[in-house]
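Hi,

Here is the structure I promised to pass on. Have a look at it first, and then read my notes below.

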Amino acid sequence: MLDSLQDGLRSAFKTLRGQGRLTESNMREGLKLIENALLEADVSYDVVKTFMQDVSEKAVGQDVLKSLKPEQQLVGIVNEALIELLGGDSDPTLHLKQGVTVLMMCGLQGAGKTTTCGKLARLIGKEGKKALLCAADLQRPAAVEQLHIVGKSVDTPVYSEEGATNPIAVCQNAVKHAKDNGIDVVILDTAGRLAIDEELMQQLKTIDMKVQPDKAFLVVDGMTGQDAVNSAKAFNEALELDGVIMTKLDGDARGGALLSVKHVTGVPIKFVGVSEHMDGLDPFHPDRFASRILGMGDIQSMFEMAQREFDQEQVQKTQERLQKGQFTLDDFRKQLNQIARPGLMQKMLGMMPGMGEMTKMLQGGDHEKEMRRLGGMIDSMTPDERNDPKLIDNSRRQRIAKGSGVSPQEVNELIKQFDSMASLMKGMAGGGMGGAMDMMRKLRSGELMDPTGKMKKAKQSTGKRMTSKDVQNQKKLKKKLKKRRR
């Protein structure tokens, strides 16, 4: 969603970096490019005007222009301004209270409200709390049935009343049921409309007054652009919202609503929907998102996602093996299986610094088919070959290719990928946090990539520096071996 904005900002910074000396004149030219990038991303004009005024005042100051790397200072200024625009230090934590916490979800039809209720229930369950979904949308056909399907998919009970016509009574009964059954959180899935009308607002106000939910969240569709901001403004005037949940951020919308909503409405974004899958709801951190917009990645969120989504026992075992210098093709397959779930690889790569291009390359690929192909090749190897791929000579390569229905070149490519991954994993494990950060730096700078975008095979250290005589002898030896092979 943010690709066009990222590209626009990147080209603005690149223009400034190419200047021999930065002056107020060419700094303002660079700032004009930043302004255009924001407007093209469908950010509200008033928001862009305020944002650029704040950035310009700081960017053309003498402290910046006379510094050693003014373009880097500009990145820092834009980063701070983006964080403020996205909500500053807003906290996505739900702050659940003792007893039953009631969350009211509201929004227009088609924004993904019912699905978001399920995603939120899943997140609450991951924190060790019990959630209950309440089917209070009694107007849209099959809305109750849909919530039951969603609840089943996230292993969360759903409270509904067959033939009910009064949503307020259903909500009150759901809260009573939660108190009687030791449930921590009730999520009210209220009715929506195709457009804001007086009847909808009155119903929501009555639920708010009679049920007294602890928090009211508005679910808005990020694909609707500035209409999402306008609906957030109208709902907030009627209900005093506690937060916005913006959905469909995995689409091709330009992202203007995300950057505008807090400034226009004063309501912070709490969560963002990043896929149709039930694990596709992320807490929204303004500082981390600003970093991603500027192409600097979001390592913290990536590690949190790994903690949440990966088998931690398997991760621990792999870590112990890596610290002993052990990494086999079986380990390689387990690592790939962990990240090859639909959408997860793209999400994680999108959070790594400098990995935007690789994320685009992965889009539209059949990753499950690719995993079956790789798995077939590894299964066609003997246990010895999986433990030590160096044993795989030409005849073994031919046998593995026939056994898995691929070409010998594909087997060769798998071994190269394994060697690159093994070097990366061992480097990160052996160097502790410093080694991990160094690897991240190299990934970001492209040092680990060859010109085709594939990972380079790490050079092995000989333990000593070669003299010019050693170099000459090595060249002669290579020539002899080449001649012998011919």
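This is a predicted model: local features need pLDDT of at least 70, side-chain atom pairs count only at pLDDT 80 or more; totals for chains, interfaces and linings use all residues.

Salt bridges first. A search of the whole structure turns up 13 of them. In one, Asp214 pairs with Lys97, with the closest N and O atoms 3.0 Å apart. That pair links distant parts of the chain, 117 residues apart: Asp214 sits in the loop between helix H9 and strand S5, and Lys97 in the loop between helix H5 and strand S1. Asp214 is partly exposed at 31% relative accessible area, and Lys97 is partly exposed at 44%.

Helix H19 takes part in two others. Arg386 in helix H19 and Asp330 in helix H15 are 56 residues apart, and their side chains meet at 3.3 Å, N to O. Glu385 is buried, with a relative accessible area of 0%, while Arg396 is partly exposed at 29%.

On the surface, a patch of positive charge gathers seven residues, including Lys475, Lys482 and Arg485. Arg485 belongs to helix H23 and is exposed, at 67% relative accessible area.

Lastly, Ser231 in helix H10 is buried at 9% relative accessibility, and its contacts include Leu108 and Ile196.

Best wishes

Key: Residues are numbered from 1 along each chain as its sequence is written. Side-chain values use heavy atoms; hydrogens and water are left out. Patches are made of residues with over 30% relative accessible area and no salt bridge: like charges are joined within 9 Å, nonpolar side chains (Val, Leu, Ile, Met, Phe, Trp, Tyr) within 5 Å. Accessible areas come from the Shrake-Rupley method with a 1.4 Å probe; for residues, only the protein chains shown count as cover. A salt bridge is a side-chain nitrogen of Lys or Arg within 4 Å of a carboxyl oxygen of Asp or Glu. Lys and Arg count as positive and Asp and Glu as negative; His and the chain ends are not counted. The place of a charge is taken as NZ of Lys, CZ of Arg, CG of Asp or CD of Glu. Helices (H or I, at least four residues) and strands (E, at least two) are DSSP runs, numbered from the N terminus. Buried means under 20% relative accessible area, exposed over 50%, partly exposed in between (1.4 Å probe, protein chains only). Contact means heavy atoms within 4.5 Å. Lists of a residue's contacts leave out its neighbours within four places in sequence.
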